[in-house]
Amino acid sequence: MINRTVNRTGTPLVEMRDISISFGGIKAVDHVSIDLYPGEVVGLLGHNGAGKSTLIKCLSGAYQKDAGHILINGQEVEISNPRDARAQNIETIYQTLALADNLDAASNLFLGREIKRNGIVDDAKMEAEARKIMGRLNPNFRKFNVPVSALSGGQRQSVAIARAVYFNAKILIMDEPTAALGPHETQMVAELIQELKAQGLGIFLIEHDIHNVMKLCDRASVMKNGQLVGTVNVNEVTDDDILGMIIMGKQPAKAA
Amino acid sequence: MTDPGHTAIGTAPRRSLIDTLEIDVRLLGMLMAFAAVAVVFTIWTGGTFVGPRNVFNIAVQTVPVGIMACGMVFVIVARHIDLSVGSMLAMCSAVLAMGQTTWLPTMFGTSYGNPAILAATVVIGLTFGTLMGAVTGWLVGYQKIPSFIVTLGGLFVWRNVNWFTTNGQSVSLTDPNLLMFGGTEGVLGASASWVLGLVASGLAVWGIIASRRNKLRHGFMVKPVWAEAMMAGLIVGAILLFVGWLSRYPVPPAKLKRLFEARGEVMPEGYTAMHGLPISVLILIAVAVVMTVVARKTTFGRYIFAMGGNPDATDLAGINTRALTVKIFALMGFLCALAALVAQARLQSHGNDIGMLEELRVIAAAVIGGTALAGGVGTIYGAILGALIMQSLQSGMAMVGVDTPFQNIVVGLVLIIAVWVDILYRKRLGLSK
C-alpha cells in the first residue's frame, strides 16, 4: 500500500475552479472544480463521455475552457495551448500516447523542445539524453534508431512517459496509462507513479480500473454527465462506494 | 515497462556490405533503376545518350521540375498536396516577364536589359511566388480547406490570371543576364567547374568527418573507417565524374566567335571552350542541399515530418501546425518562382503554356523518389533522382524516336510501377501490411 499522508494544509498545486466547456450546445464539462496537492495522486473517474478527458484537456492546453479559473500554486494562469501548459511544468501522457510514428524515440522525446547547437538540431546529443532517461525508466530499451512505429506497446508507452518525466514536470496528467499494457508493465507504471509522488509531483490519473484507483490514488474525483459527483479520500471509502458514484452518481454515506 | 521480447537489434557478427556502408536500400534501388535506364538507352543510341552533350541537356531540363519537387516533398510529407505548382510557375513567370520587359522599365524610364531592373524583377518574382504559396497555406492551415481543393482551384485561377497578366501573348526574353539562368547561355566553363567540383568534394569529406566526430563524442557506434572512406570515395568520384563529363562538352565555334565579336575582339585561331557546369544545375544543387539540411537538421523540417507522422501529436507537443502549414506552402511558392526563372531563361520566352502539366511531373518525381502520399516519409535526394529518371526516360525515348504519346504512356507506367515495387518491398520487410 502506498503512503497516503498527503499534506493538504498549504496552497494546492493545481486548482481548477468552476470549469465549463461545451461543444455545439452540449455541456461536456459543467461547473466542475477539482484540486491537486504536491505529492498527491488524484484519480479522475467516470463513464466514457463523462467529461474527465475534456476537463483535463483544459489543463493540458489541448482545449480552451469556456468559463472558470485555473490556479497553479495559487496564481491564476491562462492556458490556451499546449505550450502554455508546458511552460507551467504541466506534462501530459495521452491515452493515444501522441507519438509521431515516423520519428525515432529521441525525436519524439524532444518534439517541440529540441536541443540545438548553432541553430541546428543536435541529434547525437538528444539521442544521448534519450539513452540516459530510458536507461532509468526502461533499461531494456535498445531501439533508438528506428521509428517508434516499430516499437511494442510497452516501449511506446515508455517513450511517452520519458517525454513527460524528462522535462522536470511538477504536474503530471496520465490518461489511462496502463490501458494497453500487460500486468508486468502495469506494475512498472505503478512503481513509477509512486516514485514521482515521493518526489513531490502532483498527478492526475484518469483511470477506469477501480482496482488501480484503490491502489494508486489518494483521492478520487468522480464525474457523470459533465458534472462532478464528488471527491472522496480513497482510504475512507470502499470500491463499491466509488462504483456507486460512477454508475448512479450517488454520494457515499461518508463523503470526504 | 521492460519488454525483453523486443530488444534484439544488436550487431550481428557479419553484416552485408550495404548494411556496413549504411546505404539506404531505397536509394540504392533508385540508383539502380537510373543506371538501368542509362545503360539501355546508351546501348540503343550507340553511346550518344551518355555523351557530354546529352548529359548536359538532361541535367538542364531536369532543373525546374527538380526544384519544385524539393518543395513538393515537404508538402506531401506534411500530408498535403499542391496541384497548383504548374500554374504558379506560369504566374511567377508572367510576373517576371512583364516586370523586366514592361512594368519596371516603364516605371523607371529605362530600357529592357538593365541589370538593376532584372535584379529587382527577380526579387519581386520570388516574393510574389512566396506570397501566392502563403495564401494557399493560409486557406489550408487556418481555414481548414483541404489542400487538394485549394490547389485544384489554384491550378485554374493562376493559369488564367497568368493569361490576363500578359494578355495571352508570349513575351520574348533576350536579356543575356536573364538567359544565364537557363542552360547553355549560363555556364561556368571548365576551369571554374573543376575548382567548384574540388571545393564540393572537400566539403563532402569534411561533412562526413564532422558527423563521425559528433557521433564519437557521444559514444555511439560508427561505421568502420574503410566504410566511411569508401562512401567518401563514391561521393567525390560522382562529383568529379559529373564535372569532368560536362567539361568535355565544347561550346560550338560559331557561338564562341559571336561572343568574341560582341566584345569587339577577334577569336584567336584554334580557340576552344567547354561548357562545364550550368548555373541552373548549380541552383538545383544548392536548393537540394539547403532543403536536405532543412529537412534533417532544423526544427522546421523536424516538425514537418512530425506533422506528417501524427498531426494531433504535433499540435499537442506545442507546435503551431497552422503556421507551419503556411510556411510549407510559402516555401513551395518560392521554389515555383525560382523554377519559373530557370524555365523562362531556358526557353528564352514566357508563353501561356509554360509549366503546363508540370504539377503532375513534380508530384510523380516526388513519389518515384519514395515520398509517401500518406505523409511522414520522403527525401529530397529521392525526389531529384525521381525527376532525373523521368527526364532521362523522356530524353532517351525522344532520341530513339519514340512518339510523344508513347513517351507519356511509359512515364505514367513507370510512376505506377515505382510505387508498386516500393509497396512490395515494404511488405517484404514487414514495414507495412
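**Figure 1. Contact between chain A and chain B in the predicted model.** Chain A contributes 35 residues to this contact, and chain B contributes 31 residues. On the side of chain A that touches chain B, at least two residues each are supplied by helix H2 (82-87), strand E8 (120-121), helix H4 (123-137), helix H5 (153-166) and helix H6 (183-198) of chain A. H4(A) provides the largest share of that side, five residues. By class, the residues of the side of chain A that touches chain B comprise 14 nonpolar, 12 polar and nine charged.

**Figure 2. Domain 1 and domain 2 of chain B.** The domain assignment of chain B places residues 24-179 + 285-426 in domain 1 and residues 187-277 in domain 2. A distance of 25 Å separates the C-alpha centres of the two domains of chain B. Their contact involves four residues from domain 1 of chain B and five residues from domain 2 of chain B. The side of domain 1 of chain B that touches domain 2 of chain B consists of three nonpolar residues, no polar residues and one charged residue.

**Figure 3. Packing of helix H4 against helix H5 in chain B.** Helix H4 (residues 85-108) and helix H5 (residues 115-141) of chain B pack at an angle of about 150°, and their axes are 9 Å apart. H4(B) is therefore roughly antiparallel to H5(B). The crossing in which H4(B) passes H5(B) is right-handed. Residues of H4(B) in this contact include B:Met88, B:Val95 and B:Leu104, while those of H5(B) include B:Ile117, B:Ile124 and B:Phe128. The contact of H4(B) with H5(B) has 13 nonpolar, five polar and no charged residues.

How values were computed:
Residues are numbered from 1 along each chain as its sequence is written. Chains are lettered from A and ligands numbered from 1 in the order in which they are written. This is a predicted model: local features need pLDDT of at least 70, side-chain atom pairs count only at pLDDT 80 or more; totals for chains, interfaces and linings use all residues. Two residues are in contact if their C-beta atoms, placed from the backbone, lie within 7 Å. Helices (H or I, at least four residues) and strands (E, at least two) are DSSP runs, numbered from the N terminus. Ala, Val, Leu, Ile, Met, Phe, Trp, Tyr, Cys and Pro count as nonpolar, Asp, Glu, Lys and Arg as charged, and the others, Gly among them, as polar. Domain bounds come from an automatic or database domain assignment. Axes are lines fitted to C-alpha atoms, for helices over the stretch in contact, and angles run from 0 to 180 degrees between N-to-C directions. Angles under 35 degrees count as roughly parallel, over 145 as roughly antiparallel, 65 to 115 as roughly perpendicular and the rest as oblique. A crossing is left-handed if the near helix is turned anticlockwise from the far one by less than a right angle, and right-handed if clockwise.
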